[in-house]
Amino acid sequence: IYVLKCNTCCGEYIGETINLRKRIHTHNSHIRTEQHLCRATDHLIECGKHLCDVKERYTVFVLETERDKHVRKAKEAYYIRLFKPMMNK
């Protein structure tokens with residue numbers, strides 16, 4: 001379970017994945033090609049337009065590690081309810 005924080009406006013997105021490295025690569029690819037396929041990348045495409053390097057647009061923090069998919073999904077939902085990140089709305 002991870003937090004993606006916009007470096008421009010400090011907005012946050014909470015997501016879950018089994019492979020964080022692959023998920024970050026996917027976010028970067030969507031931002032570079034301006035594919036609006038996720039709320040986080042939608043936000044970062046618009047909010048970070050003035051930044052040339054995609055990696056400058058956001059920072060990622062790991063909240064928790066969980067291998068079980070069902071538990072991970074439940075924890076992701078819990079953190080979204082708890083923190084109400086703007087990019088998850």
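**Exercise 1. Determine whether T41 is buried or exposed, and identify its surroundings.**

Solution. Step 1: T41 has 0% relative accessibility and therefore counts as buried; buried means under 20% relative accessible area, exposed means over 50%, and partly exposed lies in between, with a 1.4 Å probe and protein chains only. The model is predicted: local features need pLDDT of at least 70, side-chain atom pairs count only at pLDDT 80 or more, and totals for chains, interfaces and linings use all residues. Residues are numbered from 1 along each chain as its sequence is written, and side-chain values use heavy atoms, with hydrogens and water left out.

Step 2: T41 lies in helix 2. Helices (H or I, at least four residues) and strands (E, at least two) are DSSP runs, numbered from the N terminus.

Step 3: Not counting residues up to four places away in sequence, T41 touches H27, H30, I31 and Q35; contact means heavy atoms within 4.5 Å.

**Exercise 2. State which residues of helix 2 are buried and what covers them.**

Solution. Step 1: The buried residues in helix 2 are A40, T41, H43, L44 and I45.

Step 2: Their cover includes strand 1, strand 2, strand 3 and helix 1 (20–32).

Step 3: Helix 2 (residues 39–47) lies across strand 1, strand 2 and strand 3, and runs at about 20 degrees to strand 1. Axes are lines fitted to C-alpha atoms, for helices over the stretch in contact, and angles run from 0 to 180 degrees between N-to-C directions.

**Exercise 3. Describe the sheet: the order of its strands, their pairing and the bridge partners.**

Solution. Step 1: The sheet is open, has 3 strands in the order 2-1-3, and shows antiparallel pairing. Strand 2 and strand 3 (58–62) are the edge strands, each pairing on one side only. On average, neighbouring strands of this sheet are turned by 20 degrees against each other, direction ignored.

Step 2: Two strands pair if DSSP finds at least two bridges between them. Strand 1 (residues 2–6) and strand 2 (residues 12–15) are antiparallel and joined by 4 bridges. Within this pair, L4 has Y13 as its bridge partner in strand 2, and V3 has I14.

Step 3: Strand 1 and strand 3 also run antiparallel, with 5 bridges between them. Here V3 stands opposite F61, while K5 stands opposite T59.

Step 4: Strand 1 is mostly covered, as 4 of its 5 residues are buried.

**Exercise 4. Locate C10 and K84, and give the phi value and the accessibility of each residue.**

Solution. Step 1: Most residues other than glycine have a negative phi.

Step 2: C10 lies in the loop between strand 1 and strand 2. The hairpin formed by these strands has 5 residues between them, and C10 takes a positive phi near 70 degrees there. At 48% relative accessibility, C10 counts as partly exposed.

Step 3: K84 is found in the segment after helix 3. Its phi is near 50 degrees, a positive value in a residue other than glycine. With a relative accessible area of 54%, K84 is exposed.

**Exercise 5. Characterise the largest pocket and the position of E64, one of its lining residues.**

Solution. Step 1: About 190 Å³ of space lies in the largest pocket. A pocket is found on a 1 Å grid over the protein atoms alone, as an open set of points where a 1.4 Å probe fits, with protein on both sides within 12 Å along at least five of seven lines. Grid points are joined across faces, edges and corners, and the volume is the space filled by probe spheres set on the points.

Step 2: The lining residues, which have an atom within 4 Å of a point, are I1, Y2, T17, I18, L20, V62, E64, T65, E66, R67 and R72. They divide into 5 nonpolar, 2 polar and 4 charged. Ala, Val, Leu, Ile, Met, Phe, Trp, Tyr, Cys and Pro count as nonpolar, Asp, Glu, Lys and Arg as charged, and the others, Gly among them, as polar.

Step 3: E64 lies in the loop between strand 3 and helix 3. Leaving aside neighbours within four places in sequence, E64 is in contact with I1, K75 and Y79. E64 and Y2 are 62 residues apart along the chain, and their C-alpha atoms are separated by 7.1 Å.
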